[in-house]
Amino acid sequence: MFDTFPLWPARASTTAGSVDALFIFLVTLSAMVSAAVFTMIVVFAVRYRRRRGVAAEQIEGSTALEVTWSVIPLFIFVVIFVWGAVIYFKERTPPRGATEVYVVAKQWMWKLQHEEGQREINELHVPVGRDVKMILTSQDVIHSFYVPAFRIKQDVLPGRYTTAWFHPTKAGIYHLFCAEYCGTQHSGMIGQVVVLEPAQYEAWLSGGGASGSMASNGQNMFQQLGCSTCHRFDTQGRGPNLVGLFGKPVQLEDGRVVTADENYIRESILTPGAKIVSGFKPIMPVFQGLVSEEQLNALVAYVKSLSQSPTGAAGGPTVVPSGAPPQEPKVQ
Amino acid sequence: MATAVIAPERENYLNQEYGIKSWLLTVDHKRIALLYLVSITFFFFIGGFFALLIRLELLTPAGDLVQADTYNKLFTMHGQVMVFFFLIPSIPAVLGNFLVPLMIGARDLAFPRINLLSWYLYIIAGILMLHCMLTGGVDTGWTFYTPFSTAFSNTKVIEAGLAIFISGFSSILTGLNFVVTIHRMRAPGMTWNRLPLFIWAHYATSIIQLLGTPVIAVTLVLVVLERALHLGIFDPTRGGDPLLFQHLFWFYSHPAVYIMILPSMGVVTEIVPCFSRKRIFGYNFVAMSSIAIAVFGFLVWAHHMFVAGISLYSALIFSALSYLVAVPSAIKVFNWTATMYKGSIRFSTPMLYAFGFIGLFTMGGLTGLFLAALGIDVHVTDTYFVIAHFHYIMVGGAVMGYLGGMHFWWPKISGRMYPESLGRFSALIVFLGFNLTFFPQFILGYLGMPRRYWQYPPEFQVLNVLSTAGSTILAVGYLLPMVYFLWSMRYGKLAPANPWGASGLEWTTTSPPPTFNFEHTPVVDWEAYDYENIPAPEEARVAG
Amino acid sequence: MPDSPVAVEHHEPMLQHHFADMEQQRQASSLGMWLFLATEVMFFGGMFCAYLIYRYWYFADFATASKSLDITLGTVNTAVLICSSLTVVLAVRAAQLGKRQSQVVYLALTLVLGLAFLGIKGIEWTSKFKEHHVPGASFHFEGSVPGHPDQPVDQQHAQIFFSLYFAMTGMHALHMVIGVGIFSYLLYCAWKGRYTPEYHTPLENSGLYWHFVDIIWIYLFPLLYLIDRKK
Amino acid sequence: MSEHIVPLKTNVAVWLTLLVLTGVTAGVAFIDLGPFNTVVALVIATCKALLVVLVFMHVKYASEKLIKVVVISALFFLLLLLGLSLADYTTRLL
């Protein structure tokens, strides 16, 4: 019955190593402190147990001792804080050029879609040794994308994107859990992350029924929904020129400057009135409720592909904007 | 054994009047304490029953004891009943109500009628909660996270929310009563640095109760409004922000964990000096650390939300502040240990519970450092590591302190001595059962088993079986004291005024004390914990 | 402090058994009232926090929605509440001076002003109801973002403003209703002459409560009504 | 009784100031001060609140300092709630 009885989680990503290092440091530190406190209690209890005729010696206290065991823990805590913060900082800043996977969490299943177009349910195939950045959103309640082997966890919020990334280092099949309570089948919303050797991954990639990369799907949606009528790629369209937009700062009508990340593009599609680019009139129709999460992800992927340099597009076919030569776009 | 001849049954607060009305309409803080004792013990065993069902379900990886929805309701109601109906009222409402006036030499709390109102609010909330549980229960988790609680759960969220809203006011009124009593009704000579540290701990707890509870009250009102009128305050599809709910919820719920632990710290700070016959080490530091815990407790709430989607920089701020709040707890542990140095230590039951408290609270506090470290928190939050951490603090700390306090003051409350050997045995059982239940969960947590799981992958089974085994031992450990406390009410030896030779005004009056606590208002002219001039109880009467 | 035996003869009718003297009782109840007001500050504080966050997020929509509120009624209401604060202060002062007659007059005036406030509030809410600005299924808000006449306001953000508007003014109105209830009881007691210069704690504490409810409105008025009135 | 009786003149003066300040804050709202509109509105509201607390609620004349400590600590914890939650919202790259 107890075929496997692991006491330590698999270590299959770069962050796993650094998290384990801090964890082991803290375990040893806690063991030492607990041992010190326990042995002191036992020694005092035995050494100074009540004996006839031996009265207790009253000690008022000593400020020096109090200060030492306040300041020393504080220093140790600062070290632990900084160490933990460094790991967290790395975990929260996905590296540039990572392959992107769009994840849509739905009550009790994970729907994942690779940039190249492969769609997967409760499974994620990734090659060893390449950074994978996940763009997560939820269709209903808060879920949480948790892969213990990679030591990463990120709550998936409805209504906006959250991101998480990992760099797999060891091939194998690892658990994927939903870690934020989300209803009846919360414990059933699990899956697998399959890390393959690069060769096997390419085989899987070609085998998969990819119906065109997300960016190309996004381009079709772009035409279909009539976005191209206003967002032209020469500069005098009624909507802002989207080529080279992703990741750049955008000057808004009310003076604020925001960076055009995935959440900005998503919000501009769903509720365009929230942030108007300066110099443009607020005439864009609201797409909230007209566009499904998958279509939204495709559109965002397409807009992002417009800003990748023609050669650097990760894997996907480079999408040359139709017609206009790709000269340096003027970003307001 | 030379049992001191006890005068014929003198008039005290228990036998002064009889009848249901004398109990249900009493304004005597001691009787209200007993009313609270009965009601929270009732809720403790309901919550414990739910806990046993959860542990039984988790014996096997598959979900085969109860259905998924029932399991979700079990852990939700286990959380809500234990947090709001046992842990928060337990020591303040029972030991606090009974002892605060006695310890400062007052005849009663400042507002006796408000004290009774606080109990009635608790009972109304309890009945509403019971009705909610019996007619369907609620499955949102004790944290009521939106948008699940406002839009997706079809269980009785409004009813549970109102029940907890009302129980919040019971907690506020108790806090208010304590602060005013401690400020205004101290006996002459009882200056602030002569107060027992039990009083300091309750003063700090009351600050949190007063300033934290209203925020969760208004948050629950907003959740009920949103659910009833389909507003959009916390609903992301209508412009709301679920994280705002989490901010408002944890602004109270983190200080609430200090409401639960500070009174137990107060109890242990009374027990350790008494059974070491020594003054507390560093009185001012221990007193100030209680206040520091209360104030810093309000700075750290978002360490529950590191992976929830808050901004990177605010996560850094809250992580740093969380380390600040760990320092006062460390000071307390070191001071308790230092108090035993060069003492004359006796191993009566309260002292065993105090040892258990210090040990388990130290481990609970240290694992808190893991969770405050951002890098590790990403991996272990929402897993069984967090479950183990807060159970080490709540069950290992708060409940151990509560039981220790109950044993320590039981002679004063009931006028009877509990059976000493049975007491020690139950302390040992609780300690062993507790560790067997919750230590495996640390390993489960780091292995990555998420919390609130009805079914789990098979490789986690061994540790879960150990944990379930431990929980049954723990259940027995908790049943024992209730049995022999009741037994001692009838057959226990009559307790003298000061069976432990403890310092403190409550030991200067008779056991059980008269309705007005003191024959004459005491005048305090001695320092706190002056054990050098209190004779230790004769060896003969108190075995070992 | 004399060693007062337990069964002290109650030379002062209003002294409760567990207090040593009237001064200790008065100080205790005053501190108790102030602590209760501290809990009320945190209670309304939670809603102010929600208001602050959403105003930071949706400033333009909040400004437009706030413009639809009737500013004259708001200002009049603030003045009414400030006058009621004055009459409360004068009532407490009359109790201190032992003038029963003016106590009754000022308390009656306070009640009238309190009911006037609730009346005006009622008018505002019914007009909001008619304009379909009450959050819920029938919510519909016409209006354009300030500075962009052609850009319509986001319905959802406007609905959040009105949710907060009704939640905060509703909770404030509920506290007003409780206040009116307390003050009618005080009016009855003052009329019976129970409040003397030695003992008028209930009047004093209720006065503190009333002033607190006034302060909440002093902040609610600018935050809800005056977000962005300039053209 | 023991505590200080506030002269009628002071009460009426404070009352008038409060009414004037109400008028001012309502009037100033129509003048375009850019971002300072909110600041001015809040400053005026705080002045009014201070007047009510200090004079009408006798905090200025109260003998013991405890009441002042309670008022200040309530405000401190309120600002804590507002400030630290703003720390998240202002730095969140939504």
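What pattern does chain C follow, read along the sequence? In this predicted model, chain C reads α-α-α-α-α-α along its sequence.

**View 1. The helices and overall dimensions of chain C.** The secondary structure of chain C consists of six helices and zero strands. Chain C has a radius of gyration of 22 Å, well over the 17 Å that the globule rule gives for 231 residues, so chain C is more spread out than a compact globule. Along the principal axes, the C-alpha atoms of chain C fill a box of roughly 80 × 35 × 30 Å.

**View 2. Burial and contacts within chain C.** Among the 231 residues of chain C, 51% count as buried. Of the contacts in chain C with a separation of 6 or more, 77% are accounted for by residues 24 or more positions apart.

**View 3. The side of chain D that touches chain C.** Where the two chains meet, 34 residues of chain D are in contact with 37 residues of chain C. Three elements of chain D give two or more residues to this side: helix H1 (8-28), helix H2 (36-56) and helix H3 (66-91). Which of them supplies the largest share? That share, 10 residues, comes from H3(D). By residue class, the side of chain D that touches chain C divides into 26 nonpolar, six polar and two charged residues.

**View 4. The two domains of chain D.** The assignment divides chain D into domain 1, covering residues 1-61, and domain 2, covering residues 64-94. Between the C-alpha centres of domain 1 of chain D and domain 2 of chain D there is a distance of 22 Å.

View 5. Tyr283(B) belongs to helix H9 of chain B, which comprises residues 283-296. Is Tyr283(B) buried or exposed? A residue counts as buried if 20 or more other C-beta atoms lie within 10 Å of its own. Tyr283(B) has 22 other C-beta atoms within 10 Å, and is therefore buried. Leaving aside residues up to four places away in sequence, Tyr283(B) touches Asn193(B) and Ala528(B), together with Gly61(A). Pro196(B) is 87 residues from Tyr283(B) along the chain, yet the C-alpha atoms of these two residues are separated by 9.4 Å.

How values were computed. Residues numbered from 1 in each chain as written. Chains lettered and ligands numbered in written order. Predicted model: local features only at pLDDT ≥ 70, side-chain atom pairs only at ≥ 80, totals over all residues. Contact = placed C-beta atoms within 7 Å. Helix = DSSP H or I, 4+ residues; strand = E, 2+ residues; numbered from the N terminus. Nonpolar A, V, L, I, M, F, W, Y, C, P; charged D, E, K, R; others polar. Domains from an automatic or database assignment. Rg over C-alpha atoms; globule rule 2.2 N^0.38 Å. Buried ≥ 20, exposed ≤ 12 C-beta atoms within 10 Å, placed from the backbone.
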